[in-house]
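Work through the exercises below with the structure in view. Try each task before reading its solution.

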Amino acid sequence: MKNTKSRVFSGIQPTSEMHFGNYFGAVKNWIELQEKYECIYSVVDYHAMTMPYIPTELQSNTMNMVIDLMACGVDPEKSILFIQSLVPEHVELCWILSCYCSYGELQRMTQFKDKSESDKMLEKGNIVSSGLFTYPILQAADILLYRAESVPVGKDQEQHLELSRNIANRFNSRHEIYFTEPKALFTEVPKLLSLADPSKKMSKSLGDQHVVRLFEPEASIRKKVKSAVTDVGPKTDTLSPGVANLFELLKACGKMAEHGELMNDYNAGTLKYSALKEYVANGLVELSKQFIDRKAELTGSSRDIEAQVHDMSEKARVIAKETIREVRDLVGLPKRRD
Ligand code: TRP
């Protein structure tokens with residue numbers, strides 16, 4: 001039976017261990033979308049090569065990301081979850097589309113500017129690679145290869161998505177209407193800040209003390225939340241970023257009743273930050289326990305996850321190959337024998 005659901009594609013870079021910033025900011029939404037859409041999700045290891053990295057770590061991080069996503073609820077029965085580099089058609093389409101994207105367009109990408117000027121690039125031996133520059137074309141290829149209609153992404157990816165649409169549009173006007181112009185699927189996601197420094201985003205690149213990991217031991221979660229920065233400087237009428245962040249986390253954990261109660265306390269001037277922190281820690285620990293149990297189940301089951309992700313990558317590849325076959329024909333490349 002042909003799938004009539006609208007198709008969604010999204011990608012996530014492999015990192016050492018998923019944290020609650022990733023989960024609440026993107027992955028939770030991925031899980032929910034599975035109910036209404038035909039979802040294709042990818043761990044984009046080719047993308048991870050654009051910044052300095054360690055090969056053995058990339059390999060293990062990629063597999064870990066697959067397992068973590070499944071532990072969070074990405075379900076092979078409902079969606080395709082695959083590893084980008086197991087579908088080499090991504091690079092082939094990337095090359096073809098690079099001939100449909102101007103140098104000037106790439107130069108305007110703000111993420112390239114940010115990453116190429118980051119501290120990491122100043123370390124000895126690191127270069128600003130042309131892969132980093134053409135990264136958005138690979139992203140366009142990811143999406144267009146599956147002719148996805150919608151792409152759940154954060155606001156930071158808006159510019160890349162617009163470029164994907166421009167590339168699709170340019171291709172379509174030179175040949176025929178072939179590619180779908182992908183729409184961004186923005187959902188309300190909490191902007192979680194670092195507990196240790198609420199002037200910054202919750203991000204692994206700042207260091208482990210700035211994130212709460214999904215599979216972190218309970219004692220360590222509680223310790224991080226307990227030592228979260230709350231009020232810095234003189235008291236004002238509005239919530240300080242640190243306190244607002246704790247409220248945000250409580251809401252993200254689904255603790256709406258507690259959120260309401262504690263907010264009333266805050267407004268009445270009777271809120272104890274220690275109580276707020278305890279509720280937040282409880283919420284995170286509760287979720288973390290679910291993920292840990294699910295991960296143990298997955299890694300302990302007879303169904304080999306590695307084999308499973310290879311199977312799903314093969315499924316993705318069937319779709320990808322079909323697109324490449326048609327695209328090669330449109331752009332004037334010879335038919336392949338297989
Ligand atoms: N660039 C995205 C990010 O850093 C990851 C990504 C790669 C992606 N390919 C994609 C996201 C395709 C959506 C669709 O978050």
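**Exercise 1.** Find the contacts of leucine 81, leaving aside its neighbours within four places in sequence.

*Solution.* Start with the rule: a contact means heavy atoms within 4.5 Å. By that rule leucine 81 is in contact with Tyr41, Val43, Val66, Leu69, Met70, Val74, Val309 and Met312. The model is predicted: local features need pLDDT of at least 70, side-chain atom pairs count only at pLDDT 80 or more, and totals for chains, interfaces and linings use all residues. Residues are numbered from 1 along each chain as its sequence is written, and side-chain values use heavy atoms, with hydrogens and water left out.

**Exercise 2.** Trace the strand pairing from β3 to β2, then from β2 to β1.

*Solution.* Two strands pair if DSSP finds at least two bridges between them. β2 and β3 run parallel and are joined by 4 bridges. Isoleucine 40 stands opposite isoleucine 80 in β3. Leucine 81 and isoleucine 40 are 41 residues apart in sequence, yet 6.1 Å apart in space, C-alpha to C-alpha. Move on to β1 (residues 7-12), where 5 of 6 residues are buried. β1 runs parallel to β2 (residues 38-43), with 6 bridges between them.

**Exercise 3.** Does the radius of gyration of the chain agree or disagree with that of a compact globule?

*Solution.* Apply the rule, over C-alpha atoms: 2.2 Å times the number of residues to the power 0.38. For 338 residues a compact globule would have a radius near 20 Å; the chain has 22 Å, which agrees. Along its principal axes the C-alpha trace spans about 75 × 50 × 40 Å. The chain holds 13 helices and 5 strands. Buried residues make up 47% of its 338 residues. Finally, take the contacts with a separation of 6 or more: 77% of them join residues 24 or more positions apart.

Terms used: Helix = DSSP H or I, 4+ residues; strand = E, 2+ residues; numbered from the N terminus. Buried < 20%, exposed > 50% of the residue type's maximum accessible area, 1.4 Å probe, protein only.
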